[in-house]
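Thanks for coming. I will take one structure today and go through a cavity, some strands, a helix and a few charged pairs.

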Amino acid sequence: MTDTFDAGALEADGTLAELARLREQVRHLQARARNRPLIAEAQGILRERYRLEDAEAAFALMQLSSQRFNVRVRALAEAVIRLERPDERADRWFPGRVRHPAPALDALGIGDAAHAHRSAVLSTVLSQTLAVAGTDMGNVQLGDHDTGGLWLEKHTGLSDDFVTYFDFVGPDTTSCAQAAKEMAQVTVRDVATAPVFSEGARRTILHAGSRSCHSVPLMTGDRCLGMVSAHFDHPIDDLRPAQLQTLEYTGRQVGRWLEWYDRTVVLDALEYLHLAARHPGMARARRR
């Protein structure tokens with residue numbers, strides 16, 4: 001028995017790997033370009049507020065806090081811009097703030113919700129949703145405070161064109177946007193004929209191999225903080241009541257946790273940033 005060396009297959013594999021690497025690099029550059037104006041605005045605010053030497057010093061502050069609390073720099077920059085400025089003379093950004101315990105994440109099988117990482121929670125809610133729906137294609141999006149749109153955060157089984165096209169969606173032209181607006185689960189039985197999509201969105205979804213989809217809002221109270229969607233390679237009927245009930249429960253649990261995360265972990269990170277700006281030596285000592 002002899003092994004045959006298929007140079008053509010090896011070359012094809014190498015080409016596909018290089019293509020995948022280049023596409024990932026393009027997505028990374030697109031994300032940096034998308035985040036740059038937001039981060040630059042936050043740098044300007046911090047530089048003026050704490051009389052920092054330059055924009056690099058402001059970015060270093062955000063990066064220090066980001067690494068300590070495992071909060072994305074973009075989330076910190078958004079909070080710096082959105083929230084009321086602190087009293088620069090006080091050591092606390094949010095004096096009198098009450099910290100609440102983390103909501104349960106038993107729907108995801110996560111026991112220690114207080115120390116769960118945001119990225120892990122989003123990955124787990126995606127995998128759980130796909131398991132309940134019975135498919136292997138899907139994505140998670142989070143809401144944008146300013147525009148009301150949705151940013152793509154996690155995805156699996158979807159094409160590069162899909163990921164690029166739906167990196168950000170506005171409040172219209174997609175079923176996930178409809179589900180966010182109505183704060184209710186939405187099933188698209190057949191993408192080819194559903195009126196909710198723009199023609200560009202329809203073509204991209206069909207080209208990715210998705211023929212139907214089901215979107216579940218991540219809600220807390222009367223707010224939608226994000227969306228998890230399952231995609232299917234064939235038209236579907238409505239999901240069974242037991243599936244809908246499970247997805248509803250999961251979506252509300254994760255929505256409550258995301259709200260807690262924004263009001264607790266992100267604010268903890270801002271408190272640390274404020275302390276580091278006022279007392280650089282103290283912040284470095286605490287970090288160790």
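**The cavity and what surrounds it**

The lining of the largest cavity is made up of six nonpolar residues, seven polar ones and no charged ones. Please keep in mind that this is a predicted model. Searching the whole structure turns up one cavity of 30 Å³ or more. The volume of the largest cavity is about 100 Å³. Of its 13 lining residues, those closest to the centre are N139, F162, S175, C176 and H231. Which elements give two or more residues to that lining? They are strand 1, helix 6 (175-182), strand 5 (212-220) and strand 6.

Let me stay with strand 1, which covers residues 137-143. Strand 1 pairs with strand 6, residues 223-232, through six bridges, and the two run antiparallel. Within that pairing, M137 has H231 as its bridge partner in strand 6. H231 has already come up, as one of the residues closest to the cavity centre.

Strand 1 also pairs with strand 2, residues 150-156, again antiparallel and over six bridges. Here N139, another of the residues closest to the cavity centre, has H155 as its bridge partner in strand 2. Strands 1 and 2 form a hairpin with six residues between them, and G148 in that hairpin has a positive phi near 80 degrees.

**Charged pairs**

As a reminder, side chains of opposite charge can pair when their charged atoms come close.

The side chains of E153 and R72 form a salt bridge, at 2.7 Å from N to O. E153 belongs to strand 2 and R72 to the loop between helix 2 (55-69) and helix 3 (73-82), so this pair ties together parts 81 residues apart in sequence. Both ends are partly exposed: the relative accessible area is 22% for E153 and 36% for R72.

The next two pairs both involve helix 9. That helix runs over residues 265-278, 14 residues in total, and spans 20 Å from its first C-alpha to its last, close to the 20 Å expected at 1.5 Å a residue. Of those 14 residues, 13 are buried, so helix 9 is largely enclosed by the rest of the structure.

R278 is in a salt bridge with D91, with the closest N and O atoms 2.2 Å apart.

R97 lies in the loop between helix 3 and helix 4, and E271 in helix 9, so the pair ties together parts 174 residues apart in sequence. Are R97 and E271 buried or exposed? R97 is buried, and E271 is buried as well. R97 and E271 also belong to one network with R92, R99 and D268, joined by salt bridges that share partners.

That is what I have; I will take questions.

Technical notes
Residues numbered from 1 in each chain as written. Predicted model: local features only at pLDDT ≥ 70, side-chain atom pairs only at ≥ 80, totals over all residues. Heavy atoms only, no water. Helix = DSSP H or I, 4+ residues; strand = E, 2+ residues; numbered from the N terminus. Expected span 1.5 Å × (residues − 1). Buried < 20%, exposed > 50% of the residue type's maximum accessible area, 1.4 Å probe, protein only. Pairing = 2+ DSSP bridges. Salt bridge = Lys/Arg side-chain N within 4 Å of Asp/Glu carboxyl O. 1 Å grid on protein atoms, 1.4 Å probe; cavity = no way out; pocket = protein on both sides within 12 Å on 5 of 7 lines; lining within 4 Å. Points joined across faces, edges and corners; volume = space filled by probe spheres on them. Nonpolar A, V, L, I, M, F, W, Y, C, P; charged D, E, K, R; others polar.
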